[in-house]
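Trainee: I would like to learn how to read a protein model. Can we go through one together?

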Amino acid sequence: MAENTDALRVLKDFFGYGSFRPLQEEVISAALSGEDTLAVMPPAGGKSLCYEIPALILEGTALVLSPYADLVREQAEELQGRGIPAMALCGSSRKAERMEAFGKMAAGELRILFVSQKLLSDEIARLSGQKISLIAIEEAQCASALSPCFRRQYAALGAMRERFSGVPVMALSPAADRSTRADIAAQLRLRDPKVFTGSFALPNITLSVKAPLRKREKLSAILDLARRHQGGSGIIFCRAVKTAQSLTEDLRREGITAAAFYPALPADEKIKVADGFREGLTQVLCAAGGLGAELEKPDVRFAVHYTLPKSIEDFLTETGRAGRDGRPAESVLLYTAGDLMPLRQFAEGGERSDVSLARLERMREYAESQVCRHRAIRSYFGDFGEAEGRCGSCDICSSPEEQIDGTVIVQKALSALVRTKEQIGTETLTDILRGIPDADVLSHGYDRIKTFGAGRDLSEYDWRNYIAQMLQLGFMEADYSDGCRLRVTPLGREVLKGRKAELAKSRYREFRVTKRGWPETQAAACCAAPPRDDSALLGELLDLRLQIARMLQRPESAILKDSTIQELAREKPTDEEQFAGTEGVGEARAELLGGRFLQAIRPYARGGAGTDAKKDNGAAQEKKDGPDCSLEDIRRIYPNAYRPWTAREDALLWKYAKGGMTVPEIAEKLGRNEGSIRGRLDRFGRMHRDAEQGGEEDPA
Ligand SMILES: [Zn+2]
């Protein structure tokens, strides 16, 4: 094609490259033939060339809209340095500067004009009188309310389409899943756009998650990276400015050159920090808030998330700062489940809170993944390629989980989904599979479909785990534009037709929830089959509450108070009326929670003859009545039960176990129950590799 020869020539003459990177050529040629385009290309995928090259071929001036004023000013200067007439204007640009730009446009002497949303709306009349060749919109996901970085001003861009009706529009985004892509096209009123989606593979980046809790452990994980990469640059993404500042101090104290960077930093300081980082004088940058182009550095060797990001989009955009030179780099997410609470509260307060919460949930699933992390990211963006085998560059693949033939499990879930006409989310799907007739299930008649109760053999936790895996493996996807409902993907349909599906065996992974360190017991419960007494029930109920809290995305105390849980473990109600009558429950909660809690309580209540639980429980112990089994009582029997494990205890546990002591002996030594010891040992076996790397998870 003639256009492509032109494009190739421009690429070589102005930018010095001999060939295009994936998708660039396709996007460019669509723009050159006047079509609207939507290109989703991962960070560092070479998006800007997609509009820079057509801008040099087409007649007139290309308008490039970007939310980052600093970033585009620098980009304009860089283009000028290559001999390309480019300018950047924003809302605060002086009048003289604006006049200069419009004058050059009228004279046909300006190829690219970067503008901010504010400037565009201020000057739309003057701009629409000019010869515009192309309109490129950077960070186009900001136009979609489904995106984590939605901006109200961007939503107004749709109106611009009429103003420049003959001009091709190119929407560019570094991260937008399938539903967001459709919404971007609708919001920007793109005309029959050609949609291009790049690959979200990050072949040179090793992904891992570590679960330390204390500040000191986070620091040691970062120091470990800084030392392993021997002077190679790293960025630590923090949520709060305060964290970035104090981490900078801590790193300096350890002899690492570090600097904090955040939006409120004075301009001259910003320049100093950015220069120091780019020149390699500062090894580690502790950043809070968005980073501009001034911090572009191709040879960043590691990116660390100090706390959980609020979405996979954010995670990917930030991780993409590392390894832009194509050489090996590392991404480490430091995660504790306690990170979730503030993020949930934040998401709840914002617009489209259902979508924000669903995205946060997917981020949590990534953090707690049992599936290859690269594959989980690709599936998230609808990049469902064949991906059998191990990627070789994530912590899950290098220390594989036990795999099971999950074909039947996947088929059950997908067929339930199909039978509801794909109208449900994870929660209802789990209820259907487990045969739980809650309000949502009954009101839609889902209790009458064939798969209702087909998955009773698995626990709720397992189902949620497997459904998360099915999303990560690309057997189903969530549609954020439509109530976060689940959809079967083409890959999923193949499994329904008999293609084999492997899953990682569901396994409780302990990511501490709070410093109080409540349940440490699910692993313990399944490994050790604890005695059926009140303390075991209490543990089970606490666990159940945790699961429900996560599921409903509410704080645990909002589900049921601690005192209520203790009361339930003591009183063991067996029907809904008794359950509702328990202090702190009430009818509304009973309706919501009754099924699940009663299911957990009944086996304990049945104890003896199955009549009055309280009295019949005496089969095992002669004196079991009275108001015992408070947490305090459990602690009296097992002084350390329900307390977080300390580093010292872990060290002792490991030492005792290696020395050949039995579980009961260790339990006695450490003052914990046997189930807890088994659970910890089991987990220790898996975490040992991490422990040796110094990124172990030690409770406060
Ligand atoms: Zn992997």
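Mentor: Start with burial: a residue is buried if 20 or more other C-beta atoms lie within 10 Å of its own. The model here is predicted. Buried residues make up 48% of the 700 residues in the protein.

Trainee: What does the secondary structure of the protein come to?

Mentor: The protein has 34 helices and 17 strands.

Trainee: In what order do the six strands of the open sheet run?

Mentor: The order is 8-13-12-9-11-10, with parallel pairing. Strand 8 (205-210) and strand 10 (258-261) each have a single partner strand, so they stand at the edges and one side of each lacks a neighbour in the sheet. On average, neighbouring strands of this sheet are turned by 15° against each other, direction ignored.

Trainee: Which helix packs on the sheet?

Mentor: Helix 13 (residues 267-278) does, touching strand 9 (233-238), strand 10 and strand 11 (284-288). The direction of helix 13 makes about 135° with that of strand 10.

Trainee: How are two packed helices described?

Mentor: By the angle between their axes and the distance between the axes. Take helix 15 (residues 340-349) and helix 16 (residues 353-367): the angle is about 160°, and the axes are 8 Å apart. Angles over 145 degrees count as roughly antiparallel, which makes helix 15 roughly antiparallel to helix 16. The crossing is right-handed.

Trainee: Which residues of helix 15 and helix 16 meet?

Mentor: On helix 15, they include Leu340, Leu343 and Ala347; on helix 16, Leu357, Leu360 and Arg364 are among them. By class, this contact has five nonpolar, two polar and three charged residues.

Note on methods:
Residues numbered from 1 in each chain as written. Predicted model: local features only at pLDDT ≥ 70, side-chain atom pairs only at ≥ 80, totals over all residues. Helix = DSSP H or I, 4+ residues; strand = E, 2+ residues; numbered from the N terminus. Buried ≥ 20, exposed ≤ 12 C-beta atoms within 10 Å, placed from the backbone. Pairing = 2+ DSSP bridges. Axes fitted to C-alpha atoms, helices over the stretch in contact; angles between N-to-C directions. Contact = placed C-beta atoms within 7 Å. Parallel < 35°, antiparallel > 145°, perpendicular 65-115°, else oblique. Left-handed = near helix turned anticlockwise from the far one by under 90°. Nonpolar A, V, L, I, M, F, W, Y, C, P; charged D, E, K, R; others polar.
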